[in-house]
Amino acid sequence: MNLNATLIGELIAFTVFVWFCMKYVWPPLNGAIEERQNKIADGLAATERAEKDLELAQAKAAEQLKEAKAQAADIIEQAKKRATQIVDEETQKGHDEREKIIAQGAAEVEAERNRVKEDLRHQVSVLAVAGAEKIIGKEIDASAHSDILDKLVAEL
Amino acid sequence: MAAEELTLSGHIQHHLTNAKMCSTDAGLAFNKACADSGFWTWHVDTLAWSIGLGLIFLWIFRSAAKKSTTGVPGKFQCFIEMIVEFVGDNVKDTYHGKSSLIAPLALTIFVWVFLMNLMDLIPVDFLPAFAGFVGETAFGMDSHDVYMKIVPTTDINLTAALAIGVFILMIGYSIKIKGISGFIAELTLHPFSSSNKLVQVILIPFNLLLETIALVAKPFSLALRLFGNLYAGELIFILIGAIGLMQLPLHFIWAVFHILVIVLQAFVFMMLTIVYLSMASSDSH
């Protein structure tokens, strides 16, 4: 135990070292650490937020996809309906057209037949007159006996 | 003199003697010439090594502080920040007041004391023998007259200086936080107290005695713990170094064990400093 002036020297050195450390060493190092800690904390918070955003966006996208699928299904359904409707309509139209054409044909045939009948009747009357002329041997005035002829024609 | 140095006890004595410097009537004198110089003797080896190591500490940490970035730190910065954070966490856990001094004080004590203790792991004869060689060839001294104690913490002057520094801070913090009257009340009105005023007055001397002893014991325990541990460790290194070839395994084992001791003692000194200052700053008693 020999305490001597070294003690004073060391005390001064100690004081100076602590002062220097307090002034120039501790604040920048500790400041850097704390600032980095803050940065990391901010970064982690941002990551968490981004994760939440991503989750939300994914949910939204899934919902939209579901909606779109439903819409697509609707549209397809409608299109199918419309298609059957069109086919039905066209079939109906075709049927109608056919009926019309058939009816028209039948009317035409009827008209022709009537016309031919008329013709035939007329020719019959002419033939009758010609026959009668041959039988009687003289000319018959057609106009004089027209009432008889008409009666004949009507009877045919 | 030379004959004395050749014996074992002389060898040990040589290792345990500081290089002294003092001023006499004839100017600066060294070592044996300073035997009678009393208080005004300087242990130049303790001073040189401790201040040198302190400057190394400050240089390393200052260069880290200058280059410190808040972005991605380099390996060197990481290492320094690990120490800073370790000390900072200990301070935060123990010292609950607000002070910009405690943490740098703790850092300085921890690293500085660790570096000084670390000198203990340098084989005991290396630097003293080198100093003896230099003294002999460069200055024409007898190499036995060249003393070199390279572990500053084995010098009671250094540990006492640290403890006194801490003690001054303890008193300073006590007075700053509690006021002079609070500090005096703490010394005189505890641990014995009475509601009777007269009894209280009678108890003051006993309280003062006990509290003063408790207060003064703190720097003593700080100084002597560090000094005792390192001095004993150094002494055992010297003894091991004196037993010839067998020293190698023993030296290795003791050195490995000592790695623990030097870190632990630096840590203990730092922690006790924080605890004492925390006690000084807290009102509750």
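This is a predicted model: local features need pLDDT of at least 70, side-chain atom pairs count only at pLDDT 80 or more; totals for chains, interfaces and linings use all residues.
Let's start with the rings. A pair of aromatic rings is described by the distance of the centres and the angle of the planes. Over all chains, the count comes to 13 aromatic pairs. Take A:Phe17 and B:Trp112. Their ring centres are 4.9 Å apart. Their planes stand at 90 degrees, and over 60 counts as edge-to-face, so that is what we call this pair. The pair also crosses between chains. A:Phe17 sits in helix H1 of chain A, residues 6–136. B:Trp112 sits in helix H5 of chain B, residues 102–118. Both A:Phe17 and B:Trp112 are buried.

Now a pair within chain B. B:Phe227 and B:Tyr231 have ring centres 5.1 Å apart, with planes at 35 degrees, so this pair is tilted. Both lie in helix H8, residues 197–241 of chain B. They are four residues apart, about one turn of the helix. Buried or exposed? B:Phe227 is buried, at 16% relative accessible area. B:Tyr231 is partly exposed, at 26%.

Next, the helix contact. H1(A) meets helix H4 of chain B, residues 75–94, and their axes come within 10 Å. How do they cross? The angle is roughly 95 degrees, which makes H1(A) roughly perpendicular to H4(B). On the H1(A) side, the contact residues include A:Trp26, A:Leu29, A:Ile33 and A:Arg36. On the H4(B) side, they include B:Ile80, B:Glu81, B:Val84 and B:Glu85. By type, the residues of this contact divide into seven nonpolar, four polar and three charged.

Last, the cores. In soluble globular proteins, nonpolar side chains tend to be buried together. The largest nonpolar core here has 61 residues. Which members touch the most others? B:Phe61 and B:Leu107 do. Elements giving two or more residues are H1 of chain A, plus H3 (44–67), H4, H5, H7 (156–188), H8 and H9 (247–281) of chain B. H5(B) gives the most, with 12 residues.

Look at B:Phe61 in detail. Leaving aside neighbours within four places in sequence, B:Phe61 contacts A:Val25 and A:Leu29 from chain A. From chain B, the contacts are B:Ile80, B:Ile83, B:Val84, B:Leu107 and B:Val111.

There is also a second, separate core, of eight residues. Among them are B:Leu16, B:Ile238, B:Ile240 and B:Ala255.

Note on methods:
Residues are numbered from 1 along each chain as its sequence is written. Chains are lettered from A and ligands numbered from 1 in the order in which they are written. Side-chain values use heavy atoms; hydrogens and water are left out. Rings of Phe, Tyr and Trp (its six-membered ring) pair if their centres lie within 6.5 Å; planes under 30 degrees apart count as stacked, over 60 as edge-to-face and the rest as tilted. Buried means under 20% relative accessible area, exposed over 50%, partly exposed in between (1.4 Å probe, protein chains only). Axes are lines fitted to C-alpha atoms, for helices over the stretch in contact, and angles run from 0 to 180 degrees between N-to-C directions. Angles under 35 degrees count as roughly parallel, over 145 as roughly antiparallel, 65 to 115 as roughly perpendicular and the rest as oblique. Contact means heavy atoms within 4.5 Å. Ala, Val, Leu, Ile, Met, Phe, Trp, Tyr, Cys and Pro count as nonpolar, Asp, Glu, Lys and Arg as charged, and the others, Gly among them, as polar. A nonpolar core is a set of buried Ala, Val, Leu, Ile, Met, Phe, Trp, Tyr and Cys residues joined through side-chain atoms within 4.5 Å.
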